[in-house]
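The sequence and the structure come first.

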Amino acid sequence: MSFTKAFSPALREIRILCSQTGPASAGTRQFILNRYPTIKDLNPDLPVLIREAKDTPARIFARFERGVEKHVELDNLSASDVETKVAQLLS
């Protein structure tokens with residue numbers, strides 16, 4: 001997924017958790033730098049929460065309608081691998 005179109009209206013929220021400085025979160029931080037502006041441009045009303053804390057494992061949560069929530073672990077992945085995992089989560 002190249003994040004070039006708006007997400008499904010069933011998606012209610014995205015939460016990204018990662019470490020500010022930890023090497024295991026480097027790919028996730030790079031993904032945020034590269035893709036966050038595009039995601040917000042195409043989905044201006046979608047809450048995208050980014051939470052950074054020391055030694056937090058990198059992961060992303062997606063909340064859908066009816067309270068359904070899914071997540072994937074992103075520790076030690078490259079930015080392109082993170083993008084692939086996020087695309088799988090959101091599809």
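## Annotated span and basis of the model

Residues 20–91 are 40% helix and 22% strand, and the end C-alpha atoms of this span lie 27 Å apart. Helices (H or I, at least four residues) and strands (E, at least two) are DSSP runs, numbered from the N terminus. An unreviewed UniProt entry annotates residues 20–91 as "domain: Ribosomal protein/NADH dehydrogenase". UniProt positions are given in the numbering used here, feature names are shortened, and annotations may be inferred rather than shown by experiment.

The model is predicted: local features need pLDDT of at least 70, side-chain atom pairs count only at pLDDT 80 or more, and totals for chains, interfaces and linings use all residues. Residues are numbered from 1 along each chain as its sequence is written, and side-chain values use heavy atoms, with hydrogens and water left out.

## Strand pairing

Two strands are taken to pair if DSSP finds at least two bridges between them. Strand 1 and strand 3 run antiparallel and are joined by 6 bridges. Strand 3 (residues 59–64) is also antiparallel to strand 4 (residues 69–73), with 5 bridges between them.

Arg 59 has Glu 73 in strand 4 as its bridge partner. Strands 3 and 4 form a hairpin with 4 residues between them, and Arg 66 in the turn has a positive phi of about 65°.

## Helix 2

Helix 2 (residues 79–90) contains 12 residues and reaches 16 Å from its first C-alpha to its last, close to the 16 Å expected at 1.5 Å a residue. That expected span is 1.5 Å times one less than the number of residues. Its buried residues are Val 82, Glu 83, Val 86, Ala 87, Leu 89 and Leu 90. Viewed down the axis of helix 2, these buried residues fall within an arc of 160°, so they line one face of the helix. The arc is that of the directions from the helix axis to the C-beta atoms. Buried means under 20% relative accessible area, exposed over 50%, and partly exposed in between (1.4 Å probe, protein chains only).

The buried residues of helix 2 pack against strand 1 (11–18), helix 1, strand 3 and strand 4. Lys 85 is also found in helix 2 and is partly exposed, at 33% relative accessibility. Leaving aside neighbours within four places in sequence, Lys 85 is in contact (heavy atoms within 4.5 Å) with Val 72, Leu 74 and Leu 77. The C-alpha atoms of Lys 85 and Ser 8 are separated by 17 Å, and these residues are 77 apart along the chain.

Asn 43 sits in the loop between helix 1 (26–42) and strand 2 (48–52). Is Asn 43 buried or exposed? Asn 43 is buried, with a relative accessible area of 8%. Beyond neighbours within four places in sequence, Asn 43 is in contact with Ala 6 and Phe 7.

## Salt bridges

A salt bridge is a side-chain nitrogen of Lys or Arg within 4 Å of a carboxyl oxygen of Asp or Glu. By this rule there are 5 salt bridges. In one of them, the closest N and O atoms of Arg 12 and Glu 65 are 3.3 Å apart. Arg 12 lies in strand 1 and Glu 65 in the loop between strand 3 and strand 4, so the pair ties together parts that are 53 residues apart in sequence. Arg 12 is partly exposed at 39% relative accessible area, and Glu 65 is partly exposed at 37%.

Glu 13 and Arg 63 meet in a salt bridge with an N to O distance of 3.7 Å. Glu 13 is in strand 1 and Arg 63 in strand 3, so this pair ties together parts 50 residues apart in sequence. Glu 13 is buried at 13%, whereas Arg 63 is partly exposed at 29%. A network of salt bridges links Glu 13, Arg 15, Arg 63 and Glu 69. Glu 83 forms a salt bridge with Arg 35, with the closest N and O atoms 3.1 Å apart. This pair links distant parts of the chain, with Glu 83 in helix 2 and Arg 35 in helix 1, 48 residues apart. Glu 83 counts as buried at 16% relative accessibility, and Arg 35 as partly exposed at 26%.
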